[in-house]
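Morning, everyone. I'll keep this brief. Please have a look at the model on the screen.

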Amino acid sequence: REIFLHSLYTLSSKDVLHLKSGNQQRNKNKMVCVMRVIKKEARDKNVWIEKLADWTPEKVMVMWDVVSPVLVAKYLKNVKRPKETAWSNLFKKISDASAFDNRRKKRGKRQSDS
């Protein structure tokens, strides 16, 4: 849980060195996508902490306690132990729900609308 909470604000390549499967850059990109969804949900609930200097373990835990039930309700409905779900499983569930903000599709749609 601490690794996941640490990644709430910053994520670097060294944070994914322990991952054995696949390309580390691809895993980092997937983590960033998950964090984008978490950030959006936190902003919707007015618990996102904008300044890095304001991040404390207590504030992050409060934010996570507000955001995690939303993620469970939206993406982890049929998971037996949602609190034990790995970030990679959350990524898959969010991806299956087509909830990622796909900027390429939006860019292409804007150009075709013009």
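Predicted model: local features only at pLDDT ≥ 70, side-chain atom pairs only at ≥ 80, totals over all residues.

Core first. The largest nonpolar core has 22 residues. Which of them touch the most other members? Ile-38, Met-63, Val-67, Leu-71, Tyr-75 and Leu-90. H2 supplies the largest share, with seven residues.

Now the salt bridges. Searching the whole structure turns up four. I'll go through some of them.

Start with Glu-41 and Lys-74. Their closest N and O atoms sit 2.7 Å apart. This pair links distant parts of the chain, with Glu-41 in helix H2 and Lys-74 in helix H3, 33 residues apart. Is Glu-41 buried or exposed? Buried, because its relative accessibility is 4%, and the cut-off for buried is under 20%. Lys-74 has 42%, so it counts as partly exposed.

Next, Asp-44 and Lys-40. This salt bridge has its closest N and O atoms 3.0 Å apart. Both residues lie in helix H2, four residues apart, about one turn of the helix. Asp-44 is partly exposed at 47% relative accessibility. Lys-40 is partly exposed too, at 49%.

Then Arg-43 and Glu-50. They form a salt bridge, closest N and O atoms 2.9 Å apart. Arg-43 has a relative accessible area of 39%, so it is partly exposed. Glu-50, at 46%, is also partly exposed.

Terms used
Residues numbered from 1 in each chain as written. Heavy atoms only, no water. Core = buried A, V, L, I, M, F, W, Y, C linked by side-chain atoms within 4.5 Å. Buried < 20%, exposed > 50% of the residue type's maximum accessible area, 1.4 Å probe, protein only. Helix = DSSP H or I, 4+ residues; strand = E, 2+ residues; numbered from the N terminus. Salt bridge = Lys/Arg side-chain N within 4 Å of Asp/Glu carboxyl O.
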